[in-house]
Amino acid sequence: GNVVKEFGRFIGTTTNNVAEYSALIEALRAAHGLGAEDIALRSDSELMVKQILGEYRVRHDGLQPLFVEARRLFLRFRHWRIEYVPREQNRRADELANLSIDRQRK
């Protein structure tokens with residue numbers, strides 16, 4: 001339940017869905033690097049969460065490799081959970097994304 005690490009990275013101009021998957025992959029890699037065995041993730045991307053949980057199919061060709069990579073990374077953990085949260089409950093993620101964009105522009 002505690003924040004262990006926060007980070008943001010500029011990934012260029014892309015779609016919000018690619019950005020969401022890229023952030024998920026980075027978070028999974030970071031958690032594994034910190035030695036986590038159990039993780040709980042929260043995202044304001046309902047599409048991504050439902051795709052990861054198997055409730056929605058991944059239809060966009062550009063998202064397919066990101067989805068496959070994320071699912072592969074989840075296998076590194078003993079237990080994992082991902083849940084959708086409204087954007088209002090995920091403001092810090094938006095702040096970190098905006099800080100990364102602002103740093104790139106300078």
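**A buried Phe**

I started with Phe74, which has 1% relative accessibility and therefore counts as buried. I keep in mind that this is a predicted model. Phe74 sits in helix α3. I listed what Phe74 touches, leaving out residues up to four places away in sequence: Leu24, Leu28, Ile39, Leu41, Ile52 and Trp80. I also checked Phe74 against Thr13, which is 61 residues away along the chain, and got 26 Å between the C-alpha atoms.

**α1 against α3**

Next I asked at what angle the axes of α1 and α3 cross. For helix α1 (residues 16-33) and helix α3 (residues 64-74) I noted a crossing at roughly 20°, with the axes coming within 10 Å. Angles under 35 degrees count as roughly parallel, so I wrote down α1 as roughly parallel to α3. The crossing of α1 past α3 is left-handed.

Then I looked up who meets whom. From α1 I have Val18, Tyr21, Leu24, Ile25, Leu28 and Arg29; from α3 I have Leu66, Phe67, Glu69, Ala70, Leu73 and Phe74. Sorted by class, this α1 and α3 contact holds ten nonpolar residues, two charged ones and no polar ones.

**α1 by itself**

I wanted to know whether the length of α1 agrees with its residue count, so I took 1.5 Å a residue: the 18 residues should span 26 Å, and the end C-alpha atoms are 25 Å apart, which agrees.

Which residues of α1 are buried? I noted Val18, Tyr21, Ser22, Leu24, Ile25, Leu28, Ala30 and Ala31. The buried residues of α1 pack against β1 (38-43), α2 (46-52), α3 and β2 (79-84). After α1 comes Gly35, and its phi is positive, near 90°.

**Gln51**

Is Gln51 buried or exposed? At 3% relative accessibility, Gln51 is buried, because the cut-off for buried is under 20%. I found Gln51 in helix α2. Setting aside neighbours within four places in sequence, I have Gln51 in contact with Tyr21, Tyr56, Arg57, Val58, Leu63 and Phe67. Tyr21 is also one of the α1 residues that meet α3, and Phe67 is among those on the α3 side.

**The segment before α1**

I went on to Phe7, which lies in the segment before α1. Phe7 has a relative accessible area of 34%, so I put it down as partly exposed. Beyond neighbours within four places in sequence, the contacts of Phe7 are Glu26, Ala27, Ala30 and Leu96. Ala30 itself is on my list of buried α1 residues.

Val4 is in the segment before α1 as well. Val4 is at 68% relative accessibility, so I count it as exposed. I checked Val4 against Gly35: 31 residues apart in sequence, and 11 Å apart in space from C-alpha to C-alpha.

**Arg105**

My last entry is Arg105, in helix α4 (residues 91-105). Its relative accessible area is 67%, so Arg105 goes down as exposed. Between Arg105 and Phe10 I have 95 residues along the chain, and a C-alpha separation of 9.9 Å.

Technical notes
Residues numbered from 1 in each chain as written. Predicted model: local features only at pLDDT ≥ 70, side-chain atom pairs only at ≥ 80, totals over all residues. Heavy atoms only, no water. Axes fitted to C-alpha atoms, helices over the stretch in contact; angles between N-to-C directions. Helix = DSSP H or I, 4+ residues; strand = E, 2+ residues; numbered from the N terminus. Parallel < 35°, antiparallel > 145°, perpendicular 65-115°, else oblique. Left-handed = near helix turned anticlockwise from the far one by under 90°. Contact = heavy atoms within 4.5 Å. Nonpolar A, V, L, I, M, F, W, Y, C, P; charged D, E, K, R; others polar. Expected span 1.5 Å × (residues − 1). Buried < 20%, exposed > 50% of the residue type's maximum accessible area, 1.4 Å probe, protein only.
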